[in-house]
Amino acid sequence: MAVTTAPPSSDPSQAPSLTGNQLRWPVLVGIGIASLVLSAGIWAAAGSLSPVRTIIVAWLLFAIGTVVASSVVEGGRKAKDRLATVLVSSAFVLALVPLISLVVATLTNGLARFDAEFFTYSMRSVVGAGGGAVHAIVGTLWVTGIATLISVPIGLLTAIYLVEYGRGNLARAITFFVDVMTGIPSIVAGLFAYSLFVIFLEPGTKTAIAGSVALSVLMIPVVVRATEELLRLVPNELREASYALGVPKWRTVLRVVLPTALAGLVTGVMLAIARVIGETAPLLVAAGFTQSLNNDPLDGPMMTLPVFVYRSYVDQGSDAAAYLERAWTGALTLILIVMLLNLAGRAIAARFAPKGR
């Protein structure tokens, strides 16, 4: 019995495949170009031609044209798949637009004062142009560093208890209060820290350590949640193998569980630091602000970068442009610090990640 095969289709919009006809990439490029031209023509006829409007309408026309062409050539199932792809891609692009806009705006406005003076001078006795933010940068490092020293041990030990030891009502109560602390407004944390130090010190006292305590209230639940989930991901087989060798539980946690989850723990801590390093309200209340460099976290108010940006924007003097430039440069510096922290966290996580064959 002779078997005949159909000749390949000469239609340029179709291409043979194992699963059926498919749209070729020149067709998709043609749909994109046609959508862009049609969108530009529509807005030009309306008398309000602009790049943003043109791109938005062109994207909508491209999505419609792609789905229609796919339904004709590839069938309804593939058309639905292409529609889902277009929707997911659109959501991704929309998510990137605010981020890219923020970065571009910060770079454009912040590079004007991104110089040596900004990183070596404070604002003491400076009125108008000039000055810098070295006092705010040092204050941010002090406050965030102390908050990290307070939060990481507490959060890590709490997560270890919940995963390895916690059972019954106490564990459920701790989990409940951690969830409650996750949603606490930052200004409430600042008021708590300020009130706590007012009890032991004189009223009106604002110090860096008080700001660190306020940030710790916000940081601890993030560390607990991140650490708890990572410890639960450690395979129970590792624990059971350690117990079978006669290793006590505390040593198993210390020598087996924690090293296995170390890479993720570092990443979780870095995310928690990035979460609190940009807080302004609690530091305004608890740490205060100053125009001078203060290296004593236990005595006197201390300026931080978020508060520096806020004060530069709100309290504009006679030379408003100089204050705005300092505010933008402070915001750019804060973004760079967060980026460096994330890069350092990724490097440490990659260095200590479990190596598999």
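A salt bridge is a side-chain nitrogen of Lys or Arg within 4 Å of a carboxyl oxygen of Asp or Glu. The model shown is predicted: local features need pLDDT of at least 70, side-chain atom pairs count only at pLDDT 80 or more, and totals for chains, interfaces and linings use all residues. Residues are numbered from 1 along each chain as its sequence is written, and side-chain values use heavy atoms, with hydrogens and water left out.

**View 1. Glu164 pairs with Arg239.** The closest N and O atoms of this salt bridge are 2.8 Å apart. Glu164 sits in helix α5 (residues 134–165), and Arg239 sits in helix α9 (residues 236–244). The whole structure holds nine salt bridges.

**View 2. The chain splits into two domains.** Domain 1 covers 25–111 and domain 2 covers 117–352 (bounds from an automatic or database domain assignment). Their C-alpha centres lie 40 Å apart.

**View 3. Domain 1 meets domain 2.** Six residues of domain 1 contact six of domain 2 (heavy atoms within 4.5 Å). About 520 Å² is buried between them, 77% of it from carbon and sulfur atoms. Buried area is the accessible area (1.4 Å probe) that two parts lose on being put together, summed over both. Thr106, Asn109 and Gly110 supply 76% of the area that domain 1 buries here, more than any other three residues. How many salt bridges are there between domain 1 and domain 2? The count is zero.

**View 4. UniProt marks transmembrane regions.** The unreviewed entry lists residues 52–73 and 207–224 among them (such annotations may be inferred rather than shown by experiment). Residues 52–73 are 100% helix and 0% strand, with end C-alpha atoms 31 Å apart. Residues 207–224 are 94% helix and 0% strand (strands are DSSP runs of E, at least two residues). Their end C-alpha atoms are 26 Å apart.

Methods:
Helices (H or I, at least four residues) and strands (E, at least two) are DSSP runs, numbered from the N terminus.
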